[in-house]
Amino acid sequence: MRTTVGIIGAGPAGLLLARLLHVAGIDAVVLESRDRAYVERRQRAGILEQGTVDVLRAAGAGERMDRVGLRHDGIELRYARRRHRVDFPALTGGKSVLVYAQTEVCKDLIALQLEQGGPLLFEAEALAVEGAESDRPRVRFRHEGREDVLECDYVVGCDGFWGVARKAVPAGAARVFERTYPFGWLGVLADVPPSHDELVYARHDRGFALLSMRPPSVGRRHPSEEVASLPVESFVSRLYLQVPEGTDAEAWSDEQIWDELERRFETDDDWTLRRGPITRKSVTAMRSFVHEPMRHGRLFLAGDAAHIVPPTGAKGLNLAVGDVVTFARALTHQRETGSAELLDAYSETCLRRVWQAERFSYDMTVLLHRAPDATPFEDRLQLARLERLTSSRAAEADLAEAYTGFAFG
Ligand code: RFL
Ligand code: PHB
């Protein structure tokens, strides 16, 4: 098999890249180790920055997103039983974010790719990237019980944190920056409308909690259907609790989860948490990670394959989008002008934005989580930071700008 761009991984990075290249008339093959149902069901991100929304729309993948996605003009910070709303448009000159799940982005891109794009092979596991320093890099992979080779002009590793692409970069050619956190998130999906119409980020002495939401499952629109946005009441609840590192999700009963959420979201007013049947339960580890550079020869890394942020800033998916937009633009430029300048600048361009997201995600994590060994001094500092955020427009604007997104490079 031969193609121009070999893409490893059909998460948001790989799928969007395939779509952008298709629109630009550049052929690509996507290899995905899992099956389609697994990729479409994997619960992850929920927040799209405006820049991400614009890219998906321009790529022709915005029809369902525009109908089902819910614009959010703010978030609530909750601490010491108090509630404070951060108003994004007022603080950023009109910016907002869109609540639309990663599962839905992936479903939309997969449907488009299978209908219009080049090959997207499920259950095709990349085993290794070879010849990254040559003009003809190759991906060795296994599909339907057979080993095969995909010969490419470029390989883009979009295979997430646990993928194989990064391993093709020799240790001496890379530098890794990493931090792990002594806690994780227990995430649940519950079949009950969200208890608030915006996201709530809560800092509590017992630990962090987050209230988010997911759109109902809605298919693609029939041409005769009315276009109407869906009410928040039709959404379901997505909730997270800070738990100790290594926690087993099954160790928490549904009732324990609701009781703990209720405590951490407590307020002085009459706000109440709506309970309902929990349909999904899992624990996510928290990590910050950056692999520099994001390119080795003709192998490019994009998305979680190159960097990880803790989810507190809602940045992971949006960073993946920025990387593949940068790559697609650079390759198009090279084809149109013969100049490799943008491809050569790929890593540097992406890393500028990546480090801003790393900084913001770290700050949000430290601001809102309670470390198991937190001292009373650190507890007071956390509250002082929250007080500052809620009383200084400058501090609040800094959060709002970062949350709604940094420009693509
Ligand atoms: P993915 O999504 O991990 O996709 C990688 C794909 O590669 C496949 N793969 C392979 N395929 C072939 N051969 C191999 N050898 C392979 N090895 C792996 C995998 O099966 C998979 O399909 O990476 P990608 O595309 O870079 O996308 C990154 C995002 O998924 C991730 O950053 C976000 O989900 C992070 N994230 C959030 N990001 C946001 O922007 N906003 C959010 O609100 C947000 N919330 C979250 C999150 C991540 C979370 N978890 C579970 C870590 C909330 C949570 C709880
Ligand atoms: C989510 O809805 O899954 C979500 C939202 C915001 C975050 C993290 C996760 O910061």
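Residues are numbered from 1 along each chain as its sequence is written, and chains are lettered from A and ligands numbered from 1 in the order in which they are written. In this predicted model, local features need pLDDT of at least 70, side-chain atom pairs count only at pLDDT 80 or more, and totals for chains, interfaces and linings use all residues, while side-chain values use heavy atoms, with hydrogens and water left out.

Ligand 1 is surrounded by 34 residues (a residue is near a molecule if one of its heavy atoms lies within 4 Å of it). The closest are Glu32, Arg42, Gln102, Asp304 and Leu317. Polar contacts are pairs of N or O atoms within 3.5 Å. A side-chain N or O atom of Gln102 lies 2.7 Å from an oxygen atom of ligand 1. For Leu317, a backbone N or O atom is 2.7 Å from a ligand 1 oxygen atom. A polar backbone atom of Pro12 is 3.2 Å from an oxygen atom of ligand 1. On its own, ligand 1 has 1000 Å² of accessible area, and the protein covers 89% of that (Shrake-Rupley method, 1.4 Å probe). Helix H1 (12-23), strand S9 (124-130) and helix H8 (316-337) are the elements that give two or more residues to this shell. Helices (H or I, at least four residues) and strands (E, at least two) are DSSP runs, numbered from the N terminus. By class, the ligand 1 shell holds 15 nonpolar, 11 polar and eight charged residues. Here Ala, Val, Leu, Ile, Met, Phe, Trp, Tyr, Cys and Pro count as nonpolar, Asp, Glu, Lys and Arg as charged, and the others, Gly among them, as polar.

Ligand 2 has 13 residues around it. Tyr201, Ser212, Arg214, Tyr240 and Pro311 are the closest. A polar side-chain atom of Tyr201 is 2.7 Å from an oxygen atom of ligand 2. The side chain of Arg214 places an N or O atom 2.8 Å from a ligand 2 oxygen atom. Pro311 has a polar backbone atom 2.8 Å from an oxygen atom of ligand 2. Taken alone, ligand 2 exposes 280 Å², of which the protein buries 97%. Strands S14 (199-203) and S15 (209-214) are the elements that give two or more residues to the shell. S15 gives the most, with three residues. The shell around ligand 2 has eight nonpolar, three polar and two charged residues.

Helices H10 (residues 346-368) and H11 (residues 376-391) have axes that come within 8 Å and cross at roughly 115°. Axes are lines fitted to C-alpha atoms over the stretch in contact, with angles from 0 to 180 degrees between N-to-C directions. Val366, Leu367 and Leu368 in H10 meet Gln382, Arg385, Leu386 and Leu389 in H11 (contact means heavy atoms within 4.5 Å). Five nonpolar, one polar and one charged residue make up this contact.

Technical notes
A polar contact is a pair of N or O atoms within 3.5 Å; within protein, one must be able to donate a hydrogen and the other to accept it, and residues adjacent in sequence count only if both atoms are side-chain atoms.
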